[in-house]
Amino acid sequence: MCINGMRLFLCLLMLLLWGTVSCQRTSGDAGQKTLHYFTWSDYVGPELLAEFERRHGVRVVVDTFSSNEELLAKLQGGATGYDVTVPSDFMAAIMIQQGLVAELDLRMLPNAATLEDHLQHLPFDPTQRYAIPYLWGTVGIGYDSAVVSTPPDSWAVLWDPRYKGKISMLNDQREVFGAVLRSMGASMNTKDPALIEAAKARLLVQKPLVKAYASEHYDQLLASGDVVLAHGWGGPVARAMLDRPSIRYVVPKEGGTLWADCLVVLKSSPQKELATQFINYLLEPQVAARTAERLLFASANKAARPFVPSRILDNPAIYPPLDLLPRLEWMTDVGEALRMYDRAWTELKMH
Amino acid sequence: MKQAGGWLWRVSLVNLLFLYGPIAVLILFSFNASRLSATWQGWSWQWYRALWANQPLLDATANSLWVATVSTLLALLLGVGLAVGLEGLPGRRQRQIEQAMLMPLVIPEVMMGVSLLLFFVLLRIPLSLMTVIVGHALFNVPVVMIIVRARLRKLDPRLLEVAADLGASYWDALRHVTIPLLRPAILGAGLMSFTISLDDFIVTYFTAGPGATTLPLKVYSMIKSGMSPEINALSALFVMVSMGLIGFSLLLQRR
């Protein structure tokens, strides 16, 4: 009986292992094709994927990462098999530089022709050879208008002692320094050691007022009233508005970050044509509009605007008013100066 | 004496509270009617319902269960063989090999993850669900070995001598005497490895390829788009399942 047990066990093990291997092999070539989409969690509606699967007779497998750095580490570590991914602008620049990204065939991307005007020529990829913007937005201040009665228009409100312990800042060194540098009238991409030092001094003054440096759950902090001023991306602030209608969003007059998450095809992708079709699909006006509605981030495709509900379109936290554009700035690679930011950030956190 | 006992009792109570308090809060808030994790608005099952309708999460769960099952079977095959095989060696060699096998348990998991990743990349094995399974089997083999060896040590050596006297070959004795006696330990070790594999984040993080997002990886990336009570609900279920399996495993080992 035990012999049988052992044999059964071995057979079962072999079957399972073989199953794992063969299941992945068939997903590679023969029969139904599989597209591997590597993205942020909950960054695409499942029903939209199902529609693409139906239309092209393929399977879409979604894997998720939690930060740009994780994405880069994974790809540098030698992960292959992913077809399409969505780095943020600065990470797309790095990935292009490192040769991880495949060139795009624009003829297969008719939907990329109708991108928002200011997204047509990204600073790191002016001719759309590698990256197509997908979602975009700003970094500003979310505030509770029931408590902060005079609508703030300057970053200086984050230094107001009246809101001590009711302020949250992003847990992101470049964004936090960016906000301070803008408030000092400087570029957020400065490489000037004196300016960085001065920004650090201002942040040290602010630190006693700050409740948390949070990048993930500031929408909850805002909605629950734990903070009344939050430095952050517009999308989560818009989410907080659903729970607490008195929440408002403003990009201060000194200006702030303009960001875009970009769709790229990876150089290691085994099926670049299907990958390009997928990018084109995600940019389709109606698909893009549904994505904007679900994620509360603006779609990069201008042609999607007519399909976006007006409550989304008119919310400045989601769709930044276009007259803001001259005051917005892309975050770019600061090269060696990054070390200074690193050091200053560490000092701020340790203090 | 009695006073000292009372004092110790209080200390252990604080200890238990420290260990289980956060988990209790997590489970409590998974029943919160509010979307905000910080405010309580009454009881609700809605997050468990939302969980059930979340296809990506269910896919990740399926991946996790698959990885745990196959890697456990693999670890059992290798670990039990190792434990039984070691018994036949002279004492010094036994200790040397045992210590070498404990390596995956003592080196930091991050290092194991990185070295596995480098290993796979060097051999040009594409990362996939398969590499995750192999990685998990790697750290589960010593677990199985330790548990099975502990049981093996308690076996009466005379049983095997009797079997040999009665004409059983080494393999017969193994099949008909040793393995049946080890069964509780093997089952216990299997449940333990299953749980460890189910909960593992770091090794999975490094060895996961396309289509290999497991539940812990998925939960981690979900936090990025905001903590939702769905994560609480999921974690609560996970804690229950893990604790249940561990309890069952300990029960089997005691027998």
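Helix 7 of chain B passes helix 9 of chain B in a right-handed crossing. That means the near helix is turned clockwise from the far one by less than a right angle. Helices here are DSSP runs (H or I, at least four residues), strands likewise (E, at least two), numbered from the N terminus. This is a predicted model: local features need pLDDT of at least 70, side-chain atom pairs count only at pLDDT 80 or more, and totals for chains, interfaces and linings use all residues. Residues are numbered from 1 along each chain as its sequence is written, while chains are lettered from A and ligands numbered from 1 in the order in which they are written.

**Stop 1: the helix pair.** Select residues 129-154 and 170-199 of chain B, helix 7 and helix 9. Their axes come within 9 Å and cross at roughly 155°. Axes are lines fitted to C-alpha atoms over the stretch in contact, and angles run from 0 to 180 degrees between N-to-C directions. The two helices are therefore roughly antiparallel to each other (angles over 145 degrees).

Now show the contact residues (C-beta atoms, placed from the backbone, within 7 Å). From helix 7 of chain B, these include His136(B), Asn140(B), Val143(B) and Arg151(B). Facing them in helix 9 of chain B are, among others, Leu182(B), Gly188(B), Met192(B) and Ile196(B). By class, this contact has 11 nonpolar, 5 polar and 1 charged residues. Ala, Val, Leu, Ile, Met, Phe, Trp, Tyr, Cys and Pro count as nonpolar, Asp, Glu, Lys and Arg as charged, and the others, Gly among them, as polar.

**Stop 2: the interface.** Select both chains. The contact takes 37 residues from chain B and 36 residues from chain A. Helix 7 and helix 9 of chain B are among the helices that each supply at least two residues to the chain B side. Helix 3 of chain B gives the most, with 7 residues. The chain B side has 21 nonpolar, 12 polar and 4 charged residues.

**Stop 3: chain A.** Chain A comes to 12 helices and 11 strands. Its C-alpha trace spans about 75 × 55 × 40 Å along its principal axes.

Colour domain 1 (2-136 + 260-322) and domain 2 (137-258 + 325-350) of chain A; the bounds come from an automatic or database domain assignment. Their centres, taken over C-alpha atoms, are separated by 29 Å. The contact takes 16 residues from domain 1 and 15 residues from domain 2. End on helix 4 (residues 89-97) of chain A, which gives the most to the domain 1 side, with 3 residues.

How values were computed:
Angles under 35 degrees count as roughly parallel, over 145 as roughly antiparallel, 65 to 115 as roughly perpendicular and the rest as oblique. Two residues are in contact if their C-beta atoms, placed from the backbone, lie within 7 Å.
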